[in-house]
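Subject: Structure for you to look at

Hello,

Here is the structure I said I would pass on. Please open it first and then read the notes below it.

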Amino acid sequence: MSLVERNLKLILQVLLLAAITIVPFVRVNELYFPFVSGKAYVFRVLVAVAFFFWIWLLVKNSKPLVPFRNVLVIALVLFFVAQLVAALFGVDPVYSLFSSIERADGVIQYGFWLLYFLMFLSVFREKRDWTLFFGTFVAVAVLLSGYSWMNHESQPQLYGIFGNPAYFAAFLLFAIGFSFLALERRYVQHPLWNYALFGICAFLLVTLVFTQVRGVYVGLAGGIFLFCLLVVFFLRKE
C-alpha cells in the first residue's frame, strides 16, 4: 500500500469513527427537533465527506476493497434496493424517501447507513482496527450512560442525549453486544481489560433496564435465545 493509500485509509477511519464519537453527543437546541435533526445532519455530512475520500481510495487501489460476494453485504444491498423500489411505487414516494423532520430516517437515511457500512468494511480490516472501533463505541456508550445517570432526576426513563429512551436503549444493545464480542475475540490480551469489560457490560445492562423500554427487553431476550440456539447448532463440539 502506497503512502497516499495509507493516508486515505487513515482519513477514512478518522471520519467513520467520528460518526460514532461525535454524532451521539450532538444536540442542537435551535433546531425544531434538537435531539434528532442535528445528529442526522452531522452524520450525513461526515459520510458524504468520507465518500469523497473513499472514491479516491478506490481509484488508487487496484484490489477490490469491499467483499461484494459476502452474504451479509449482498443481503443489505438487496434490502436497500427493495426499499427504494417500494418507496418509488408507494403512496407517497417523497415521504418514503425523506421521511419526516422528526424521525429523519426514510430510504435516503438507510442509503447513508449502507454507504457507511461499505466504507467501514473497506478500511477496518485488521485486528487493531476492530480493537479501535469496539473500544471507541463502548467508551461512547459508557459516557452517555454516565450522563444519563447524572441527570436521572430529569430522566425518569433514561435517554442520555438521544431524547427518546427507545433510541438510547437500542444503542445500548449494540454496545453490550460489542462488549461481549471484544471479550470473546480477546482483542486486548490483559486480564484487567477483561474484568473492565465485564464491569462495563453490567453497567450498560443496568442502564438498559432503566430505560424502561419493554420492546428492547424482548429484543435482548430474543437475541440471547438466538445465540443459544446457534451455539447448539454450530459450537456443540466446543
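Leaving out residues up to four places away in sequence, Leu-16 touches Ala-50, Tyr-116, Met-119, Phe-120, Val-123 and Phe-124; contact means heavy atoms within 4.5 Å. The C-alpha atoms of Leu-16 and Ala-50 are 7.2 Å apart, although 34 residues separate the two along the chain. Leu-16 is buried, with a relative accessible area of 1%. Buried means under 20% relative accessible area, exposed over 50%, and partly exposed in between (1.4 Å probe, protein chains only).

Two remarks on the source. This is a predicted model, in which local features need pLDDT of at least 70 and side-chain atom pairs count only at pLDDT 80 or more, while totals for chains, interfaces and linings use all residues. Residues are numbered from 1 along each chain as its sequence is written, and side-chain values use heavy atoms, with hydrogens and water left out.

Leu-16 sits in helix 1 (residues 3-21). Helices (H or I, at least four residues) are DSSP runs, numbered from the N terminus. Helix 1 has 19 residues and reaches 27 Å from its first C-alpha to its last, close to the 27 Å expected at 1.5 Å a residue; the expected span is 1.5 Å times one less than the number of residues. Among the buried residues of helix 1 are Leu-8, Lys-9, Leu-12 and Gln-13. What do the buried residues of helix 1 pack against? They pack against helix 2 (37-60), helix 5 (106-123) and helix 6.

Next, the salt bridges. A salt bridge is a side-chain nitrogen of Lys or Arg within 4 Å of a carboxyl oxygen of Asp or Glu, and a search of the whole structure finds three. Glu-126 and Lys-9 form one of them, at 3.9 Å from N to O. Glu-126 is in the loop between helix 5 and helix 6, and Lys-9 is in helix 1, 117 residues apart. Asp-129 also bridges to Lys-9, with the closest N and O atoms 3.7 Å apart. Asp-129 lies in helix 6 and Lys-9 in helix 1, so this pair ties together parts that are 120 residues apart in sequence. Is Asp-129 buried or exposed? Asp-129 is buried, at 6% relative accessible area, and Lys-9 is buried at 14%. Glu-126 meets Arg-128 as well, at 2.8 Å from N to O. Glu-126 is partly exposed at 33%, whereas Arg-128 is exposed at 60%. Together, Lys-9, Glu-126, Arg-128 and Asp-129 are linked in a network of salt bridges.

Then the aromatic rings. A search of the whole structure finds 26 aromatic pairs. Rings of Phe, Tyr and Trp (its six-membered ring) pair if their centres lie within 6.5 Å; planes under 30 degrees apart count as stacked, over 60 as edge-to-face and the rest as tilted. Tyr-116 and Phe-120 have ring centres 6.1 Å apart and planes at 25 degrees, so the pair is stacked. Both lie in helix 5, four residues apart, about one turn of the helix, and both are buried. Trp-130 and Phe-134 form a tilted pair, with 5.8 Å between centres and 35 degrees between planes. They are four residues apart in helix 6, about one helical turn. Trp-130 is partly exposed at 25%, whereas Phe-134 is buried at 6%.

Regards

Notes
Helix = DSSP H or I, 4+ residues; strand = E, 2+ residues; numbered from the N terminus.
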